Amino acid sequence: MVPNGRSAAPGESRHAGAKTSGSGGNDSGLRFGLDSDRPRTPRRRSLHLALPGCWGAVLFACLSFTPSLLPRGGLLQGMICGITAAIGYGLGVLLAFVWRAFADRPPRSARLVSWRIFGICAVILFGVFFGLGQYWQHEIRALMGVSEYNLLLVVLSPVVAVVVAGLLLAIGRGIRGMYRRAARTLDRWMGQRAANVVGWVLVAGLVYVVVSGVLLGGLVDIANTAFSARDTRTPEGVQQPASGLRSGGPDSVVPWDSLGWQGRTFIGEGPSTEQIGGFTGDPALEPIRIYAGLASSEDSESRAALAVEDLMRAGGFERGNLVVVTTTGSGWVDPALVDTFEYLTGGDAATVAIQYSYLPSWISYLVDQSKAREAGRDLFDAVYDTWSTLPQDDRPRLFVAGESLGSFGGETAFSGEYDLRNRTAGTVFAGPPNFNTLFREFSDRRDEGSPEIEPVYREGRTVRFTNDPESGIPPADRSWEGSRVLYLMHPSDPIVWWSPRLISREPDWIGEAPGHDVLEDMVWIPFVTFWQITADLPFSTGVPAGHGHKYTTEYVDAWAAVLRPPGITAADLANLKSIVAQEE
């Protein structure tokens with residue numbers, strides 16, 4: 001509308017007589033509608049939808065039903081559909097704007113017949129892909145043995161999608177409105193282009209501060225308060241140990257009250273000598289478990305030193321096998337990882353770990369990534385400094401292990417393949433995040449012809465990867481001498497495969513033959529695949545064992561391959577798997 005309130009003539013700028021700033025020419029260039037040549041009230045402008053944007057929203061919403069790595073419930077599918085629809089709407093509007101700029105033509109109203117054609121096509125397309133989506137989800141559930149299915153949430157998923165897309169569109173228009181007001185204000189003191197650029201910079205900076213400083217910071221503060229409060233409690237059924245072979249027990253230099261929730265769980269549980277002896281058929285030793293919590297000392301280095309002091313007190317360096325475990329974000333140590341190690345060594349084992357955060361791994365990755373790095377490096381270095389001074393024939397075999405963010409921290413103590421081989425007797429890392437430095441190096445430099453889901457690095461001489469160690473650890477036709485480094489990684493584990501690069505780049509693992517629990521119908525779609533796998537992350541452990549980010553009985557074959565215990569048969573391993581599965 002021109003300043004005096006009359007309608008703009010065809011082809012005439014809607015802000016004739018005024019500077020065409022971001023609140024003028026760009027505004028009209030981003031508007032499509034049935035009545036763009038008639039004045040609109042603020043409410044009508046807020047409800048206005050662009051036809052190209054709607055096409056983009058529908059197409060992206062349909063693509064959101066394509067399969068990803070894990071089964072999706074109706075609520076999650078609705079959220080993914082809404083997010084991708086909002087992205088599609090924005091891209092549709094942007095592409096239309098760019099096309100008009102190259103064609104050097106003003107925006108024009110979409111005809112009523114165009115909206116009718118869109119409506120018919122939208123209903124048909126969405127209905128077809130909604131049905132295909134249910135088929136794909138059924139196939140994924142069958143692959144993983146998942147029987148849970150909520151029909152009501154599935155039916156409501158389109159409603160959830162509309163709500164989510166509407167909220168995101170409203171937020172986007174709110175940000176655009178702030179930019180327009182900023183540009184209009186700046187236009188009084190500077191040129192049009194400068195006002196546009198400075199306005200965008202100011203609004204982008206404000207959004208960044210709000211998201212990273214207020215929203216993310218608030219989320220972290222709330223999570224930190226909640227999880228730190230839980231850290232002061234003790235899980236039901238867990239009691240302070242009466243054995244001096246555990247931290248928090250008699251003569252321990254680490255107080256029981258300082259171990260935290262996860263530390264007290266780790267120390268208070270585990271197989272007894274009777275259980276280990278029942279498995280091996282021989283008298284067993286009581287395993288040593290050492291742990292230092294956040295409250296045990298001020299920083300990572302001093303916690304590592306305290307843990308090593310307690311390890312020496314308990315006789316950990318006198319055992320035959322010693323494993324250094326880097327915990328996940330909250331300080332959790334996977335029971336299956338350590339229990340299996342203790343069973344296969346007949347209890348002649350010591351385990352040491354320290355806590356570096358209260359927060360779950362996915363939050364720790366955002367805010368405590370450096371703490372995981374420091375904890376992994378400080379603990380191994382402290383253990384190695386003492387271990388390396390012992391006589392070579394009178395010291396335990398030294399192993400390293402970690403799951404998820406724990407594998408990230410565990411890797412940081414080493415510079416590469418040779419360092420892992422020279423300073424350890426073996427390593428087991430499970431579910432390594434895609435950003436792990438050594439994992440990425442080994443995978444990216446894999447031997448030609450080996451797939452990314454199960455790569456072969458330098459003919460498997462030291463480092464190997466497996467989706468299922470029971471089925472085999474490639475390359476089966478090559479010797480595996482000396483220290484063994486083994487990565488466990490399920491084809492359906494989103495922690496392993498999530499990466500920001502999924503936004504614009506197809507990874508090799510999608511283009512290759514799929515793993516045993518991933519659908520062949522899964523394809524890479526820009527933006528869409530990224531959001532699908534992002535949505536898989538919080539639910540990565542909510543699937544049966546052997547899929548997603550849930551590693552249990554795989555540790556039996558993994559540790560058997562790395563430890564190489566004498567006299568262990570296939571029947572023994574099968575028995576141990578049933579024991580580990582029951583304890584989960």
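Tutor: Start with pairing: two strands pair if DSSP finds at least two bridges between them. The model is predicted. In it, Gly426 stands opposite Arg484 in strand 7.

Student: What makes strand 5 and strand 7 a pair?

Tutor: Pairing needs at least two bridges. Strand 5 (residues 426-430) is joined to strand 7 by five bridges, so the two are paired, and they run parallel. Strand 6 (residues 463-466) also runs parallel to strand 7, with four bridges between them. There, Thr466 is the residue opposite Leu488.

Student: How do you know whether strand 7 is mostly covered or open?

Tutor: Five of the five residues in strand 7 (residues 484-488) are buried. Arg484, Leu486 and Leu488 lie on one side, Val485 and Tyr487 on the other, and both faces are covered.

Student: Why is Cys54 said to be in no disulfide?

Tutor: A disulfide needs two cysteine sulfur atoms within 2.5 Å. A search of the whole structure finds zero disulfides. For Cys54, the nearest cysteine sulfur is that of Cys62, 13 Å away. Cys62 has its closest cysteine sulfur in Cys81, at 7.7 Å, which is too far for a bond.

Student: Why is Cys54 called buried?

Tutor: Buried means under 20% relative accessible area. Cys54 has 8%, so the label applies. Cys62, with 3%, is buried as well.

Student: What makes Glu417 and Arg461 a salt bridge?

Tutor: The limit is 4 Å between a side-chain nitrogen of Lys or Arg and a carboxyl oxygen of Asp or Glu. The closest N and O atoms of Glu417 and Arg461 are 2.9 Å apart, so the pair qualifies. Glu417 is in helix 15 (residues 417-423) and Arg461 is in the loop between helix 16 (437-444) and strand 6, 44 residues apart. Glu417 counts as buried at 4% relative accessibility, whereas Arg461, at 29%, counts as partly exposed.

Student: Which residue forms a salt bridge with Arg446?

Tutor: Asp508, with the closest N and O atoms 2.8 Å apart. This pair also links distant parts of the chain, with Arg446 and Asp508 62 residues apart. Arg446 is buried at 16%, and Asp508 is partly exposed at 42%.

Student: Why is Asp477 called exposed, but Arg478 partly exposed?

Tutor: Exposed means over 50% relative accessible area, and partly exposed lies between that and the buried cut-off of 20%. Asp477 has 59%, so it is exposed. Arg478 has 39%, so it is partly exposed. The side chains of Asp477 and Arg478 meet in a salt bridge at 3.2 Å, N to O.

Terms used:
Residues are numbered from 1 along each chain as its sequence is written. This is a predicted model: local features need pLDDT of at least 70, side-chain atom pairs count only at pLDDT 80 or more; totals for chains, interfaces and linings use all residues. Side-chain values use heavy atoms; hydrogens and water are left out. Buried means under 20% relative accessible area, exposed over 50%, partly exposed in between (1.4 Å probe, protein chains only).
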